Amino acid sequence: MTSNRPYLLRAFYDWIVDNQCTPHIVVDAEYPAVEVPRQFVQQGQIVLNVSPSAAANFLMDNDALSFNARFSGQPMQVYVPIGAVLAIYARENGEGTIFSESEHPQDDEHLEEPAQTEVTEEPAETPSADKETPEKARKASHLRVIK
């Protein structure tokens, strides 16, 4: 079977937008073929606002998502392979999901099903108690898994 990640990502994106919230994604900026503004990458990750008002020409298919956006006034084409998306959440309330992290792009076909969880914002220095959260997301993310 194909990966369920792109289907779940689209479902969460639509759900967040339908509820008049702002979708943000957490991206592994070190994943192969990722094209993001490097000056905003912190600890190998970047958080991107992918709301319809912020992301022009937004396209999400089973392989990648891409859009045009401005960063510090400079236009840029953003390209993110689906395997590089670590989480999606609503900025306003933190609801969303964290995806399992694959080590290699070819592993994407064999991903475990991501935990369907609610995430809330908290200070980055507070470690997550959830042992199944990807190592990078647990160390660098401001997200916390709530069961």
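**Close-up views of the sheet and the nonpolar cores**

**View 1. Strands S3, S4 and S5 form an open, antiparallel sheet**. In this predicted model, the three strands follow the order S3-S4-S5. Each of the edge strands, S3 (56-60) and S5, pairs on one side only. From one strand to the next, the twist averages 20 degrees. Strands of a sheet pair through backbone hydrogen bonds, in either a parallel or an antiparallel sense.

**View 2. Eight bridges link S4 and S5**. The two strands pair in the antiparallel sense. One of the residues shown is leucine 65, whose bridge partner in S5 is valine 80.

**View 3. The largest nonpolar core holds 29 residues**. Leu48 and Val80 have the most contacts inside this core. Two or more residues each come from helix H1 (5-18) and from the strands S1 (23-28), S2 (45-49), S4 (64-71), S5 (74-81) and S6 (85-90). H1 gives the largest share, five residues.

**View 4. Another core lies apart from the largest one**. This core has five residues, including Val26, Leu86, Ala87 and Tyr89.

**View 5. Surroundings of leucine 48, a residue of the largest nonpolar core**. Which residues does leucine 48 touch, not counting those up to four places away in sequence? Leucine 48 touches Pro23, His24, Ile25 and Val27, together with Val36, Phe67, Phe71, Val78 and Val80. Val80, one of these contacts, is also the bridge partner of leucine 65 in View 2.

Note on methods: Residues are numbered from 1 along each chain as its sequence is written. This is a predicted model: local features need pLDDT of at least 70, side-chain atom pairs count only at pLDDT 80 or more; totals for chains, interfaces and linings use all residues. Side-chain values use heavy atoms; hydrogens and water are left out. A nonpolar core is a set of buried Ala, Val, Leu, Ile, Met, Phe, Trp, Tyr and Cys residues joined through side-chain atoms within 4.5 Å. Buried means under 20% relative accessible area, exposed over 50%, partly exposed in between (1.4 Å probe, protein chains only). Helices (H or I, at least four residues) and strands (E, at least two) are DSSP runs, numbered from the N terminus. Contact means heavy atoms within 4.5 Å. Two strands pair if DSSP finds at least two bridges between them. Axes are lines fitted to C-alpha atoms, for helices over the stretch in contact, and angles run from 0 to 180 degrees between N-to-C directions.
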